[in-house]
Amino acid sequence: MITGNRKPLTQIFEMIKFYERILIVGCGTCVTVCMSGGLKEAEETAAAIRLQRQQEGRPVRVAARVVERQCEPEFLESLDAELENYEVVLSLACGIGVQCYNLWRPNKLTLPGLDTVGAGYPVKQGLWYEACLSCGDCMLAHTGGICPIARCAKSLQNGPCGGSVKGKCEVTKVTTVPEGHDCAWQLIYDRLTALGKLELLDEVRPPKNWSKAHHGGPRKLEREDMQIG
Amino acid sequence: MEKVGLFTPIIINKLELKNRIMMSPAFSNSAAPGGFVTDWTLRHYQKRAAAGVGLVMVEHTSVNGYYIHGGNRLQVSTDKHIPGLASLARTIQHAGAKAGLQIAHSIHGVGLKPDDLPKRVILEMIQEFIQGARRAFEAGFDVVELHFAHTYTMADLLSRRTNRRLDEYGGDIYGRMRAHKEVILGIRELLGSDVPLFACFSADEFIIGGNTLKQTRIVAQELEKCGIDCLDVTAGVRFDDGGLKGYSDLRGKPTVEYPDGPNVYLAEDIKKYVSVPVITRGKLGNPDFAASVVEQGRADMIAMIRPMLADDKWVKKVKAGRPELIKTCVACNNCLYKRRHPDDPIKCMERECAKCLTCLRSCPYHLPFINDQGILEFGNDWCDECGMCSGLCPAQVVRFQTNPQYDWVLDQVAPAVRKLKSKELRAVIINCASGPFRCDDKFMAEGLAHNVALIRVPCPGKIETVQMLRILELGVDGILMARCTIAENPECKYRHHQPWASRRVRRANEILNEAQLNHKSVIEIELTGLQALDLSGLTREFVHRLQVNKGEGGTYDYR
């Protein structure tokens with residue numbers, strides 16, 4: 001799923017300071033599941049905005065809504081009727097949702113209320129790790145199903161760097177993850193050992209073709225046979 | 001004899017219906033100012049008509065622009081309304097259903113009772129009904145339903161309770177329904193006897209001193225004599241005793257507590273006294289039950305709206321023999337009552353489960369499971385109703401449906417906060433409802449009731465962050481959550497919630513800090529049974545601290 005964090009409230013307040021009628025729209029799929037941009041978070045944000053405006057003594061009308069997926073225009077229709085009553089939309093969807101809202105409802109400005117973090121998975125209830133960078137050229141077959149592109153800070157393809165200490169990545173000292181990230185190559189080594197397939201590591205992998213990733217420009221996916229009209 | 005079912009065609013006067021399902025004329029709040037049809041109205045009816053409903057009865061449409069009920073109502077009060085209504089009728093007919101228009105008049109909307117009305121207004125109203133019916137047929141509707149039920153003028157006139165008039169429009173049941181007869185005869189005189197005309201009336205008002213079957217049997221027979229082609233038998237929705245959401249109101253829109261079709265018996269009874277077809281309504285969303293009503297001849301047709309809001313393809317799925325695909329209406333009535341904004345049109349508020357599996361992971365009894373079809377299921381039989389899943393559900397889909405209209409903050413906390421005399425400093429104490437925490441006498445005695453509202457809940461751990469924020473929005477400066485020591489209550493039903501109090505308080509404080517709302521604070525304390533006896537002392541300290549530190553924020557450690 002796509003994960004994200006709600007933007008700091010001060011940043012949100014700064015973005016919406018000129019508006020008095022704000023519609024907060026959550027997204028009912030990925031960010032609901034990672035508990036950062038669903039209806040509940042939209043309601044929390046709405047309550048926080050109202051409290052802040054109460055403190056400032058400025059009027060505000062905020063409503064919290066959710067649509068199933070903001071990246072599909074058909075789902076946006078359910079809010080069209082009340083959209084006219086608001087000056088601006090604060091979307092708690094991922095970056096895709098915000099762009100789609102702007103694209104399909106061009107008369108309204110849609111502001112981002114969420115910082116998209118990446119494609120991840122729940123390690124346990126309430127904890128998500130990033131696991132895929134969408135590089136466009138999957139190499140999981142060679143690494144025992146653990147992605148060094150997403151889970152190694154340097155995206156190294158041929159073994160760890162010198163910063164792997166006791167199975168932890170040195171970069172995590174400066175990031176926000178308190179318990180530290182596991183070194184992806186340590187995980188790969190352990191996994192391949194357990195599978196008895198360490199010989200996979202003997203093969204030296206040539207430099208990756210990054211043009212298939214975002215570095216080749218925005219990618220597009222096309223199925224001509226599925227296109228209508 | 002041929003077996004009659006939901007999908008057996010029926011002919012009423014000149015109206016040929018392909019099945020016996022009617023979309024109830026429920027108010028959709030979608031009209032433009034002036035009572036004109038909007039695109040939303042068209043879509044709303046088109047979708048359900050296209051799904052195979054036999055007769056789409058368009059909602060309460062007012063015959064008068066002044067005597068009108070609140071909300072964005074459609075009107076048929078002038079000829080200007082005809083083009084919009086014509087496009088609505090056309091849309092419904094193109095989608096394959098017959099179109100009907102329910103016409104109504106409301107003095108309740110302007111706060112009047114029948115005895116306040118001069119006779120002139122009643123005579124005008126009768127003419128307005130006749131003209132309304134004419135406009136409806138001119139717009140191309142196949143049938144007109146006269147709204148003689150619920151809380152509108154015609155029902156007020158009909159009611160034994162509210163019609164206290166001393167002239168010929170009051171008195172016994174024949175006098176009370178004189179206006180109704182004049183409307184019907186007037187329409188028949190103007191438009192002839194072959195236009196299909198339905199009448200909707202409450203067979204039992206469910207109010208003290210209101211009409212019951214004893215009176216409404218006569219009403220039904222009289223309506224038939226005047227030339228009504230079909231009787232739409234409803235119930236209740238009188239606000240005289242219980243008001244909105246009172247008993248009578250809910251009989252008209254039976255909620256989750258009611259069995260399937262609680263009002264079918266009324267239609268069944270009326271049907272014995274008349275020869276015209278009878279429609280029944282009220283919680284008929286269970287397709288098996290709905291079919292049984294028609295098959296057993298308890299009513300000739302069924303009408304529903306809420307199941308069609310929950311799933312606009314209800315009819316299509318039932319007809320295809322795939323009732324398991326229906327998105328079930330839980331009869332929570334949120335579509336009718338919980339409009340988030342006064343101008344929002346009617347829609348089902350039930351949301352889709354995001355399948356995040358939070359409930360499955362967090363249930364202390366490990367009841368939710370993924371069944372062999374890959375669908376998330378709740379093992380309801382074993383549920384202890386601790387409410388953990390509903391509190392954690394991020395999509396707010398899992399809920400306990402016993403009283404779906406209940407909003408804890410608005411219904412319980414807000415009145416208590418409003419009662420507080422102090423405007424400078426107000427605090428809310430949320431504590432456990434049991435044992436030593438029951439100490440409000442002491443609160444009163446020690447003069448805390450001036451500043452502090454004491455709210456007892458099954459467990460403070462059940463209060464969600466957003467609820468805390470909403471309490472602060474009421475103008476409250478601080479919330480003190482007093483929870484028990486779990487070691488002392490190992491058997492408590494809500495023991496699994498207890499640790500959540502501190503997490504939720506932490507999150508509320510994170511949000512407050514982020515928003516730089518440091519003058520408000522939410523504090524949580526854990527008390528042993530003995531300490532709980534001194535809750536009022538602790539509260540005093542909390543209030544004092546709030547007073548001193550109104551700008552500082554809640555950093556005070558009570559333990």
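## Chain B at a glance

Chain B holds 21 helices and 17 strands. The model is predicted. Of the 559 residues in chain B, 48% count as buried. Among contacts in chain B with a separation of 6 or more, 73% link residues 24 or more positions apart.

## The nonpolar cores

The largest nonpolar core has 101 residues. Those that touch the most other members are V56(B), I103(B), A136(B), V144(B), L231(B), I279(B) and I302(B). Helix 3 of chain B, residues 119–138, gives the largest share of this core, with 7 residues. In soluble globular proteins, nonpolar side chains tend to be buried together.

Take L231(B) from that list. Setting aside neighbours within four places in sequence, L231(B) contacts A199(B), A220(B), L223(B) and I270(B), and also V274(B), V276(B), V278(B) and I279(B). A second, separate core has 93 residues. Its members include V33(A), C34(A), V67(A) and W500(B).

## Helix 10 of chain B

Helix 10 of chain B spans residues 287–295, and its buried residues are A290(B), V293(B) and V294(B). Seen down the helix axis, these buried residues fall within an arc of 95 degrees, so they line one face of helix 10. An α-helix has 3.6 residues a turn, so residues three or four places apart point the same way.

What covers the buried residues of helix 10? The cover includes helix 9 (264–273), strand 10 (278–281) and strand 11 (301–304) of chain B. Just after helix 10, G297(B) takes a positive phi of about 75 degrees.

P307(B) sits in helix 11 of chain B, residues 306–310. Is P307(B) buried or exposed? P307(B) is buried, because 25 other C-beta atoms lie within 10 Å, and 20 or more is the cut-off for a buried residue.

Not counting residues up to four places away in sequence, P307(B) touches G285(B), W314(B) and C329(B). C329(B) is 22 residues from P307(B) in sequence. In space, the two are 4.9 Å apart, C-alpha to C-alpha.

## A parallel sheet in chain A

Chain A has an open sheet of 4 strands in the order 3-2-4-5, with parallel pairing. Strand 3 (61–67) and strand 5 (109–112) stand at the edges. Each has a single partner strand, so one side of each is left without a neighbour in the sheet. On average, neighbouring strands of this sheet are turned by 25 degrees against each other, direction ignored.

Strand 2 of chain A (residues 21–27) runs parallel to strand 3 of chain A, and 7 bridges join them. I22(A) stands opposite V62(A) in strand 3 of chain A. Helix 3 of chain A (residues 39–56) packs on the sheet and touches strand 2 and strand 3. The direction of helix 3 makes about 170 degrees with that of strand 3. Helix 6 of chain A (residues 95–104) also packs on the sheet, touching strand 2, strand 4 (88–91) and strand 5. The direction of helix 6 makes about 170 degrees with that of strand 5.

## Where the chains meet

The contact takes 27 residues from chain B and 27 residues from chain A. On the chain B side, helix 14 (358–362), helix 18 (465–473) and helix 19 (500–514) each supply at least two residues. Helix 18 of chain B gives the most to that side, with 6 residues. By class, the side of chain B that touches chain A has 12 nonpolar, 6 polar and 9 charged residues.

Technical notes
Residues numbered from 1 in each chain as written. Chains lettered and ligands numbered in written order. Predicted model: local features only at pLDDT ≥ 70, side-chain atom pairs only at ≥ 80, totals over all residues. Buried ≥ 20, exposed ≤ 12 C-beta atoms within 10 Å, placed from the backbone. Arc of directions from axis to C-beta. Contact = placed C-beta atoms within 7 Å. Nonpolar A, V, L, I, M, F, W, Y, C, P; charged D, E, K, R; others polar. Pairing = 2+ DSSP bridges. Axes fitted to C-alpha atoms, helices over the stretch in contact; angles between N-to-C directions. Core = buried A, V, L, I, M, F, W, Y, C linked by C-beta atoms within 7 Å.
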